Every structure is written in C-alpha cells, then in structure tokens.
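Here's a friendly walk through one protein model, with a few stops along the way. Have the sequence and the 3D view open as you read.

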Amino acid sequence: MAKALFPGSFDPFTAGHEAVLRRVLPLFDKVYVAVGVNSEKHCMFSVEERLQRIRETMADCPNVEVLSYSGMTVDLCHQLGAQAIIRGIRTAKDFDYEQTIASVNRLQDPSIETLLVLADDEHRDISSTLERERIAHAAH
C-alpha cells in the first residue's frame, strides 16, 4: 500500500494546499495530512480548528487521513508506514528551503522520498501568511 505524508502548519489550509493534495491523491493509496504542532510558533488558528478545516475540505476523499503531530517528520513517516513526503512549491525561495529540508530528511532515512509539487499558476500567489493577513483585515 503506497502511503504519503503531507506535513505542514496549515495555518490556514489554503486553496493552494488543497490543489497540491488533490493532484497527488491518485499516486497513493493513502495520504496523511499532518498538522505540525510547534509550541514556539504563534498560530492564528488552533490545532483543532486547522484539523477540522482540512477534514471538512477533504471530506470527499476517503483516502485522506488528517492528524496532528510534533517531532521529526521522518519519525512520523516510520510510524505511519509512509514512503513519501509531499511538499508544495510556489517560488524559487520555497524550492531552496524545501531542498534543504529534503536533504536533512534523506540523511535520516534515504528510503523516504520527498516529492516537490509545483503550485498551479492560479495558486502561486496564495500563502498562509497572506491568507492570515486577509482574514485579520476582514475582521476589522
């Protein structure tokens, strides 16, 4: 059974995240969307709110499971039996960052592959940071 892990803070889960996830779904029997919990990071939405939003958005996809985690991503892959880590790329800056993270993960376990998925043109300018700013301004 081919399994992948799509980790992130997802604060919030954007249309860009959803598009990347829907594009990789046909490649795997199961995709885990893992909301990272980092007590050092100040998030707009609670972990439960982020989990709920993703579950609602992906309710039509029975091969998606949503969970939270803390710790190393490679360790979570081992726990879940995931062979791949999915990461979305919008810009060259994203690529540089993700390439570094992928190298670190590969050192920990060369059998776990990182798949970098290019954002669709229509989602390239969407980021969680901009979405948080939009939401904050809409509230005022």
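A polar contact is a pair of N or O atoms within 3.5 Å; within protein, one of the two must be able to donate a hydrogen and the other to accept it, and residues adjacent in sequence count only if both atoms are side-chain atoms. Keep that in mind for Thr14, where the backbone nitrogen of Gly16 lies 3.2 Å from a polar atom of the Thr14 side chain. One more thing before we set off: this is a predicted model.

Thr14 sits in the loop between S1 and H1. Is Thr14 buried or exposed? Its relative accessibility is 6%, so Thr14 counts as buried. The atom reaching out from Thr14 is a side-chain oxygen, and its contact with the nitrogen of Gly16 is found at the start of H1. Helix H1 itself covers residues 15–24, and its buried residues are Gly16, His17, Ala19, Val20, Leu21 and Val24.

The loop has other things to look at. Pro12 is in the loop between S1 and H1, and the peptide bond joining Asp11 to Pro12 is cis, with omega at about 0°. Phe10 is found in that loop as well. Its phi is positive, about 50°, although Phe10 is not a glycine. With 3% relative accessibility, Phe10 counts as buried.

Which rings does Phe10 team up with? Ring pairs link Phe6, Phe10 and Phe13 into a cluster. A search of the whole structure turns up 2 aromatic pairs, and here they are:

| Aromatic pair | Geometry | Centre to centre | Angle between planes |
|---|---|---|---|
| Phe6 and Phe10 | edge-to-face | 5.2 Å | 70° |
| Phe10 and Phe13 | edge-to-face | 5.5 Å | 65° |

Phe6 and Phe10 are both buried, and Phe13 is buried too.

**Helix H3 and the cysteines**

Now on to H3, residues 73–80. The buried residues here are Thr73, Val74, Leu76, Cys77 and Leu80. They cover an arc of only 160° around the axis, which puts them on the same side of H3. What do they pack against? Their partners are strands S1 (3–8), S2 (30–36), S3 (64–69) and S4, together with helix H4. Just after H3 comes Gly81, which takes a positive phi of about 75°.

**Helix H4 and its neighbours**

Next up is H4, which runs over residues 92–108 and has 17 residues. From its first C-alpha to its last it reaches 25 Å, close to the 24 Å expected at 1.5 Å a residue. The buried residues of H4 are Asp94, Glu98, Ala102 and Asn105. Why do they line one face of the helix? Looking down the axis of H4, you'd see its buried residues fall within an arc of 60°, so they line one face.

The buried residues, in turn, pack against helix H3, strand S4 (84–89) and strand S5 (113–118).

Our last stop is Ile89, which has its place in strand S4. It counts as buried, because its relative accessibility is 6%. Which residues does Ile89 touch, leaving aside those up to four places away in sequence? The list is Asp94, Phe95, Glu98, Leu116, Val117, Leu118 and Ala119. As for Val117, it is 28 residues from Ile89 along the chain, yet their C-alpha atoms are separated by 5.8 Å.

Note on methods: Residues are numbered from 1 along each chain as its sequence is written. This is a predicted model: local features need pLDDT of at least 70, side-chain atom pairs count only at pLDDT 80 or more; totals for chains, interfaces and linings use all residues. Side-chain values use heavy atoms; hydrogens and water are left out. Helices (H or I, at least four residues) and strands (E, at least two) are DSSP runs, numbered from the N terminus. The expected span of a helix is 1.5 Å times one less than its number of residues. Buried means under 20% relative accessible area, exposed over 50%, partly exposed in between (1.4 Å probe, protein chains only). The arc is that of the directions from the helix axis to the C-beta atoms. Contact means heavy atoms within 4.5 Å. Rings of Phe, Tyr and Trp (its six-membered ring) pair if their centres lie within 6.5 Å; planes under 30 degrees apart count as stacked, over 60 as edge-to-face and the rest as tilted.
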